[in-house]
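Hello,

Here is the structure I promised to pass on to you. Have a look at it first, and then read my notes below.

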Amino acid sequence: MDLSCTDEEEEFRARLKAWLTRELPGLPPKPDPLDWPARRAYDCGWQRRLYDAGYADVQWDASPTQRLIFLEETELAGAPYVGANFVGLLHAGPTIAAEGTPEQRARWLPPVLRGDEVWCQGFSEPGAGSDLASLRTRAVRDGDAYVVTGQKIWTSHAEVADWCELLVRTDPDAPSRHRGITWLAMPMDAPGITVRPLRTLAGSAEFAEVFLDEVRVPVENRVGEENDGWRVTMVTLSFERGTAFVGEVVACRRLLGELARTARKNGTWDDPVLRRRLGRLSAEFQALWRIVQANVSEAQATGGVPGAGGSVFKLHYSHARQELYEAAAAVLGPDALDLGRDWTLDRLSSLSYTIAAGTSQIQRNIVAERILGLPKGR
Amino acid sequence: MDFRLTEDQRALRRGVRDLLEGRFDREALRAAVDAGGALDRALWRELGAAGFFALRVPEEDGGVGLGLPEAVLVFEEAGRALLPGPLVATHMAAGVVPGAAEGDVVVTAVEEGLVPWLDEADAVVGDASGAVPMRSVDPLTPLHRVPGNAGATALEAVLLTAAEQVGSAERTTEAAVSHAREREQFGQVIGGFQAVKHLCAGMLVRTELARAAVRAASLTVDPVEIAGAKLLADEAATGNARDCLQVHGGMGFTWEADVHLHLKRAWVRAELRLPAARAEEAVAAGL
């Protein structure tokens, strides 16, 4: 067990810190959180700065420890979050890097790293959320294209996306519903696509319903084999659960520090119940950060895709983060009802954490079945 | 950075587990319970000979010369096996109280107004005058109450107690899972029911969170991190024992099942060194 970094890694950390110190003051003001086109421009602009400075590659190609340092330092410095680039950088990108052909990697990966192209995720359907394998959007082969018809829902950033990682059913007669699914990269400007924004309870239109009416997707846009999309998807989901939340733990530790400062200023810190509550949360986020380091060490040693350990992390993290905003509401008092405060919008958005990327109930099944070896059942 | 155990650390853990499984298996545990809480001096000396107490005493002073991370692994194993006795106090006294390192002398300490194993101990760290015996909830930890709550507990002692809690939490998770895979109700093993599965998954999450916290704290030896680790380890040990009892159903409520022994010891450890309220305050003070 060794939590220290090598000289080389510390040097990387120092260089990155110095760059962030220079770069962050010159950033344009943050856009309105409800204005997604403005947010896309802002988030992609930040990604471009990272690319130009040689830091974009770190997000995929560096050693896991170096990536951890990158996420830790950018968050600690309060750098912009990946935001609109989330799906491209953390789901579709790593999946194409792992499963795509050399041509596909050359076509799709550089624009994501440069912040030129934004991806969205076309997995969920009205009848296939947690039960993802029951998806019904169909794709029928017609010459050199798949003709896709169906409907997707909860598609984050669909309005501002250039590409969609799309799951379709290519063989409705397959012996199991997990077979017969295919993973496609669909251009969002193809004829036949209708995007209808959905308003979330936080008031923003960050995701959408996507209607697909005989959309032609070239066969060469298929990642992995036809009907082998479920396996490719599991790769995507393990990235989602394994590493996509790493930076957010650091963000939570920063937020907790801010909250303690606010509490000391407004007097709520004198309430021992609230103070102890913040202490408990701090212990939990510190431990979550240690779990991240353990998972990264494991991934670094095995060189593989993040394992089911990601579910252990995701389960506790999503609940702890919701608790953080509840504690924040106790500290802020009536201000917690003011939508003009970042905390309020974040508190509302946090309600999705125990649902998105696999509900807590699904994660518990994964932990019980894949780690503890309990039988599949009802 | 590599947070995994080294080969040497894995070998150490395996060695201690083998030793304890051979010398203090379930039968020995139940015999100790039936014997009414007398300390097995022969076992104590064997632990001494194996280096359990002298683990962190420097080699030039006749010890094993290992560090806190290794001690944490060893105490996780002790917690798994529900090994009785003032293990942490004697380990802390090794190199200070003659005979403690070898396991010839049993050392206890006054902690939070409590003294475990006072009648069996050869030496007491702290002032035990005015000690009054209690009827201890844990059949394998005799307790005395002393006036006042004097005696600041060393950080290492808090962390080693937390490590024992992690070992216990791991053991009760395994016990719940193995029961859930065998016990049949409604025509299937109960581990197939989500209600039971989700209890077990929660136990694993608590254990992993506490384990990561305890092991990291053994490397940083940061007071705030140690307080947080104790908090989460107490919660893992007590919470898991309760959930394990629930998974065992009526059987879990009987004296014959081992789960109550884990729960009662976890309660004692939680109270003995840095209880929850003070641990939370300590972590909050670091914010």
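This is a predicted model: local features need pLDDT of at least 70, side-chain atom pairs count only at pLDDT 80 or more; totals for chains, interfaces and linings use all residues.

Let's start with a charge and a ring: A:Arg264 has its charged end over the ring of A:Trp269, 4.2 Å from the ring's centre.

Over all chains, the search turned up 15 aromatic pairs. One of them joins A:Trp19 and A:Tyr55, which are tilted, with 5.1 Å from centre to centre and 50° between the planes. These two residues are 36 residues apart: A:Trp19 belongs to helix α1 (residues 7-23) of chain A, while A:Tyr55 is in the loop between α2 (36-52) and α3 (64-76). Both A:Trp19 and A:Tyr55 are buried. Another pair, A:Tyr325 with A:Trp343, is edge-to-face, at 5.9 Å centre to centre and 70° between the planes. Here, helix α9 (residues 309-332) of chain A is linked with helix α10 (residues 342-349) of chain A. A:Tyr325 and A:Trp343 are buried too. Ring pairs also connect A:Phe12, A:Trp19, A:Trp46 and A:Tyr55 in a cluster.

Finally, the nonpolar cores. The largest has 119 residues, and A:Phe285 and B:Leu47 are among those with the most contacts inside it. Helix α8 (residues 272-302) of chain A gives this core its largest share, eleven residues. Apart from this core there is another, with 28 residues, including A:Ile96 and A:Trp108.

Which residues does A:Phe285 contact, leaving aside neighbours within four places in sequence? Among them are A:Val249, A:Leu256, A:Tyr317 and A:Leu324.

Enjoy exploring!

Methods:
Residues are numbered from 1 along each chain as its sequence is written. Chains are lettered from A and ligands numbered from 1 in the order in which they are written. Side-chain values use heavy atoms; hydrogens and water are left out. A nonpolar core is a set of buried Ala, Val, Leu, Ile, Met, Phe, Trp, Tyr and Cys residues joined through side-chain atoms within 4.5 Å. Buried means under 20% relative accessible area, exposed over 50%, partly exposed in between (1.4 Å probe, protein chains only). Helices (H or I, at least four residues) and strands (E, at least two) are DSSP runs, numbered from the N terminus. Contact means heavy atoms within 4.5 Å. Rings of Phe, Tyr and Trp (its six-membered ring) pair if their centres lie within 6.5 Å; planes under 30 degrees apart count as stacked, over 60 as edge-to-face and the rest as tilted. A charge sits over a ring if NZ of Lys or CZ of Arg is within 6 Å of the ring centre and within 35 degrees of the ring normal.
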